[in-house]
Amino acid sequence: MVTSVNPNTSRCFASSLRPSYSKPNSSQTQLCRLSSGSLSNTFSGLSMAPSTEFSRSRRIFSLSKNESGESASGHGGLTYKDAGVDIDAGSELVRRIAKMAPGIGGFGGLYPLGDSYLVAGTDGVGTKLKLAFDTGIHETIGIDLVAMSVNDIVTSGAKPLFFLDYFATSRLDVDLAEKVVKGIVDGCQQSDCTLLGGETAEMPDFYADGEYDLSGFAVGIVKKDSVIDGKNIVAGDVLIGLPSSGVHSNGFSLVRRVLVHSGLSLKDQLPGEAITLGEALMAPTVIYVKQVLDIISKGGVKGVAHITGGGFTDNIPRVFPKGLGAVIYNGSWEILPVFKWIQEVGRIEEAEMMRTFNMGIGMVLVVSREASHRILENGNGAYKAYRIGEVVRGEGVSYS
């Protein structure tokens, strides 16, 4: 429902699943716009987390070859940068933004409210959308959208309160949009938060026919004395990994390059598996909210890292105090077949895989040794969990 406040603004309320249409203009049809005095103007600490595909990177670079047939990166394997996504450039942008807006850099932005913090996050699903267009699988992309934001804010121990979405297309296909929104509703139900509203923008000639773009925004809450901020992490703490469902929602620019390189189609079977490549790659992102909040409630959790763009290498250190790093135990968890296929076909180096993909672990908890025993024992029943490494003195992530 859209309730008019003045001729230029309207507010969203959760009295209906999706707000009703406001009057369109000649170039853009919109659903539900927040007023100019909304909370979005006050969240100066909003994180610029390097997740999904760095939406600013829209141009896909060609994979240039030298005379020996090597890629521009200097070796025979494909890289994320070759595919058009420069993680280092993204990190540099965050560094520069931090000078203008001190306090950013976490997975979610914290805003003080009484004895609590509101925790906000925003994200998209990157070029996984390209695979949705190619496969026709639109029912689960909304789950991915919700997951990318709520998984970010739960790293602070925040319970998601509400979610907003933005759907943009050149020509509104109501049936297709309904499928996308159904996925968003499913994602909100999985994370126990309210779909508060959203905006649908119809912008002729801006997108290719049948294509659309998505972004999402989540807000949660956590008591100030319960926030998970990593400050109590010490050497010897244990890294617990929670399994992913697959590639989740980042690295797809490289995935798509590998797919072209393989000569296979999304309808072809994933080698050695009983599902197609399209089904494997479109598996929706796991929403970890309920599981992580349950583990946190039992004590001993000191830090949580959402493994998105940047993989293990860049995301795990974000929760550490200065002077601490991590050792990851190779072979301590199940690497899913889809990652093995990506690496083999793309001849991608191990270090590149670990800095691009989640490799089968979508969330990492930093916990005390005592808590690790309880979590791993419980994991044998209600959920899977792996001991994948430990905190060490020094900085960065090493693999052994």
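The following questions and answers concern a predicted model of a protein chain.

Reader: How many helices and how many strands are there in the protein chain, and what share of its residues is buried?
Author: The protein chain has 400 residues, and its secondary structure consists of eleven helices and 13 strands. With buried taken as under 20% relative accessible area, the share of buried residues in the protein chain is 50%.

Reader: Among contacts between residues at least 6 apart in sequence, what percentage joins residues at least 24 apart?
Author: The contacts considered here are those in the protein chain between residues at least 6 apart in sequence. Of these, the part that joins residues at least 24 apart comes to 83%.

Reader: Which residues of helix α1 are buried, and where do they lie around its axis?
Author: Helix α1 runs over residues 87–100 and reaches 20 Å from its first C-alpha to its last, close to the 20 Å expected at 1.5 Å a residue. I87, G90, V94 and I97 are buried in α1, and because they cover an arc of only 80° around the axis, they lie on the same side of α1. On the other side of α1, R96 and K99 are exposed.

Reader: Which helices do the buried residues of α1 pack against, and which residue caps the N-terminal end of α1?
Author: The buried residues of α1 have α8 and α10 as their packing partners. At the N-terminal end of α1, a side-chain oxygen lies 3.1 Å from the backbone nitrogen of D88, and the residue that provides this cap is D86.

Reader: Which residue pairs with D314 in a salt bridge, and which residues are joined into one network with D314?
Author: The side chains of D314 and R355 form a salt bridge with an N to O distance of 3.0 Å. This pair links distant parts of the chain, since D314 is in helix α8 (residues 311–315) and R355 in helix α10 (residues 350–356), 41 residues apart. R355 is partly exposed, at a relative accessible area of 23%. The partner of D314 is R355, and salt bridges that share partners join D314 into one network with D88 and R355.

Reader: How many residues apart are K130 and E211, whose side chains meet in a salt bridge?
Author: K130 and E211 meet through their side chains at 3.8 Å, N to O, and this is a pair in a structure that holds 14 salt bridges. K130 is in helix α2 (residues 128–135), whereas E211 is in the loop between β6 (194–202) and β7 (212–223), and the separation is 81 residues.

Reader: Which residue joins the side chain of H306 in a polar contact?
Author: H306 has its place in strand β9, and at 1% relative accessibility it counts as buried. Not counting residues up to four places away in sequence, H306 touches several residues, among them F107, M148, D152 and N315. The side-chain polar contact of H306, at 2.8 Å, is with D152.

Definitions and conventions
Residues numbered from 1 in each chain as written. Predicted model: local features only at pLDDT ≥ 70, side-chain atom pairs only at ≥ 80, totals over all residues. Heavy atoms only, no water. Salt bridge = Lys/Arg side-chain N within 4 Å of Asp/Glu carboxyl O. Helix = DSSP H or I, 4+ residues; strand = E, 2+ residues; numbered from the N terminus. Buried < 20%, exposed > 50% of the residue type's maximum accessible area, 1.4 Å probe, protein only. Polar contact = N/O pair within 3.5 Å; in protein donor to acceptor, adjacent residues only side chain to side chain. Contact = heavy atoms within 4.5 Å. Expected span 1.5 Å × (residues − 1). Arc of directions from axis to C-beta.
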